[in-house]
Amino acid sequence: MGARRVSTNGWLFWLAQHAKLGLVLLDEAVQNGVENGMLRAFVLASRKTADFERQDFKEQLSPNVSDQEFVQLVGAYNDFKIYNGMSLKAPPDVAHANFLRHRGLPDYGVRKKNPVKTHRVTHCWSCKNPLDNKVEIECVECGWIVCTCGACGCAR
Ligand SMILES: [Zn+2]
Ligand SMILES: [Zn+2]
């Protein structure tokens, strides 16, 4: 099994080239309700998700996904999500867990931020966007208010 793991909009996706189906995307966040021994994957050729036999599916994968294919595949998946009313951006707590996981860092979770606490910096060091004061959680480990992209001070 080979797949390229990418982090985008706070989600973790696995992108791969399937020997029969072509480009496929695996999103762990949509595996709820999938039968045992199966997995759900988005297939670019059909522009929708389907359930496949896990073992067989994984044996067909290779991680040869170019940057252009990455953009094409994630773009098509995001269109699919919009069409199906799924959220494009992960909630900050999910994004934070994925942020740490993508970097191999331990995750001690998040807690509600102190209401008087303000951001020490105005821009996120990771995604460079202005920090959003609507985010109400901070990282238990480093104490930084979590950015909507999931970044905290742990990976700095
Ligand atoms: Zn950020
Ligand atoms: Zn942290």
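This is a predicted model: local features need pLDDT of at least 70, side-chain atom pairs count only at pLDDT 80 or more; totals for chains, interfaces and linings use all residues.
The protein chain holds 3 helices and 8 strands. Read from the N terminus, these elements follow the order β-β-β-β-β-α-β-α-α-β-β. The C-alpha trace extends over about 55 × 30 × 30 Å along its principal axes. Of the 156 residues in the chain, 26% count as buried. Among contacts with a separation of 6 or more, 50% are made by residues 24 or more positions apart.

Two domains divide the chain: domain 1 covers 4-83 and domain 2 covers 92-139. Their centres, taken over C-alpha atoms, are separated by 27 Å. Where the two touch, 4 residues of domain 1 are in contact with 5 residues of domain 2. On the domain 1 side of this meeting place, 2 residues are nonpolar, 2 are polar and none is charged.

Attention now turns to the interior. In soluble globular proteins, nonpolar side chains tend to be buried together. Here the largest nonpolar core comprises 32 residues, and Val24, Leu25, Ala41 and Val146 have the most contacts inside it. At least two core residues come from each of β2 (11-18), β3 (22-27), β4 (38-43), α2 (67-83) and α3 (92-102). Of these, β2 gives the largest share, with 5 residues. Because domain 1 (4-83) and domain 2 (92-139) both contribute residues, this core lies between them.

Apart from neighbours within four places in sequence, Val24 is in contact with Ala16, His18, Ala41, Phe42, Val43 and Leu44. The strands β3 and β4 run antiparallel and are joined by 2 bridges. On to the next pairing: β4 and β5 (residues 48-53) are also antiparallel, with 6 bridges between them. Within that pair, Leu39 stands opposite Phe52 in β5. The hairpin formed by β4 and β5 has 4 residues between the strands, and Arg47 there takes a positive phi near 55°.

Which residues of α3 are buried? They are Pro92, Ala95, His96, Asn98, Phe99 and Leu100. The elements covering these buried residues include β1 (4-8), β2, β7 (110-112) and β8 (137-139).

A last stop is the loop between β7 and β8, where His123 is found. Is His123 buried or exposed? His123 counts as exposed, because 12 C-beta neighbours lie inside 10 Å, and a residue with 12 or fewer falls in that class. Leaving aside neighbours within four places in sequence, the contacts of His123 are Lys128, Asn129, Pro130 and Leu131. His123 can also be placed relative to Cys147: the two are 24 residues apart in sequence, and their C-alpha atoms are 9.1 Å apart in space.

Terms used: Residues are numbered from 1 along each chain as its sequence is written. Chains are lettered from A and ligands numbered from 1 in the order in which they are written. Domain bounds come from an automatic or database domain assignment. Two residues are in contact if their C-beta atoms, placed from the backbone, lie within 7 Å. Ala, Val, Leu, Ile, Met, Phe, Trp, Tyr, Cys and Pro count as nonpolar, Asp, Glu, Lys and Arg as charged, and the others, Gly among them, as polar. A nonpolar core is a set of buried Ala, Val, Leu, Ile, Met, Phe, Trp, Tyr and Cys residues joined through C-beta atoms within 7 Å. A residue is buried if 20 or more other C-beta atoms lie within 10 Å of its own, exposed if 12 or fewer, and partly exposed in between; C-beta atoms are placed from the backbone. Two strands pair if DSSP finds at least two bridges between them.
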